[in-house]
Amino acid sequence: MAAATSAVEERSPEWWSRRAWSLLSAVRARAPLVQCITNLVSMDIAANALLAAGASPAMVHSIREIPDFTPRCDSVYVNVGTLAEDWLPSMRAAASAGRPWVLDPVAAAASGFRMEACLSLLELRPAVVRGNGSEILALADSSAAASSKFKGADSSHDSADALEAAKALALTTGAIVAVSGAVDFITDGKQVVGASNGVPMMQKITATGCAVTALIAAFVAVEPSDALVAAACALAIFGLAGEIGMESAKGPASLRMHLIDALYGLDEQTVTSRVNISMRP
């Protein structure tokens, strides 16, 4: 383990940008099948982001389909944004099907039921947990006090505010924890990686966070042995698509369209010259 940690610590920004291109190319070549049990608001943008990146989305929610369908998938994406009692068994069954899976704990502190659902899903060992600062703080605290800071699906905390909580959550669960913000922080509890691509207006488009978590699931599908690298590269790639989309956008609605177009059109030169990932202390 020490040797692996040393190798990661030596990775340069140039290594990360090349790795990001390599993983995006692998997604395009392999078209991994990603089962998405995601919220009603995000289904459209998540599916379109996956398609634009080269993956194959499957919005399969019924628990009766999971025994036949989920084992054939390359990864699973679970998002609790519009959580309902009859969805939770499907989420748990899909997460238990033996495929690498990713959790988006949307508004984890909004209610006791939602927090209990997220904590029960964490017990099923996701490869990656991706949330905003408030969501990660609430999960790490897993206390009623966190709910007093709740602000819908938005975050009242910057990603840096939640970094120590993310480290603790990663060590407790064994998952890679990614905190989205002006800088996205990704950690295994010891190492920290920062991904700095993106534009502020992406926060004005509903479900962009959900869409990038779906993209993380696609990257995990092609790099299941190193979920930290997969998550960091997916976050940077999505943020870069936002930067390029913003060059043509006039507002949130057109940014949504141009972001998806940019994700589809990313090339090697653009990715390797503009992806901004680095190791953090």
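Predicted model: local features only at pLDDT ≥ 70, side-chain atom pairs only at ≥ 80, totals over all residues.
1. Some ground rules. Local features need pLDDT of at least 70 and side-chain atom pairs count only at pLDDT 80 or more, while totals for chains, interfaces and linings use all residues. Residues are numbered from 1 along each chain as its sequence is written, and side-chain values use heavy atoms, with hydrogens and water left out.

2. Look at helices H9 (residues 208-222) and H10 (residues 227-246): their axes come within 8 Å and cross at roughly 135 degrees. Helices here are DSSP runs of H or I with at least four residues, strands are E runs of at least two, and both are numbered from the N terminus. Axes are lines fitted to C-alpha atoms, for helices over the stretch in contact, with angles from 0 to 180 degrees between N-to-C directions.

3. Who touches whom? On the H9 side are Thr208, Ala211, Val212, Leu215, Ile216, Phe219 and Val220, meeting H10 residues that include Ala227, Ala230 and Phe238. Contact means heavy atoms within 4.5 Å.

4. There is one aromatic pair in the structure (Phe, Tyr or Trp rings, the six-membered one for Trp, with centres within 6.5 Å). Trp15 and Trp16 form it, edge-to-face (planes over 60 degrees apart), at 5.1 Å centre to centre and 90 degrees between the planes.

5. Buried means under 20% relative accessible area, exposed over 50%, partly exposed in between (1.4 Å probe, protein chains only). Trp15, at 24%, is therefore partly exposed, and Trp16, at 0%, is buried.

6. Helix H6 (residues 112-122) has buried residues Arg114, Met115, Ala117, Cys118, Ser120, Leu121 and Leu122. Their cover includes strand S3 (75-79) and helix H8 (163-173).

Technical notes
Phe/Tyr/Trp six-rings, centres within 6.5 Å; stacked < 30°, edge-to-face > 60°.
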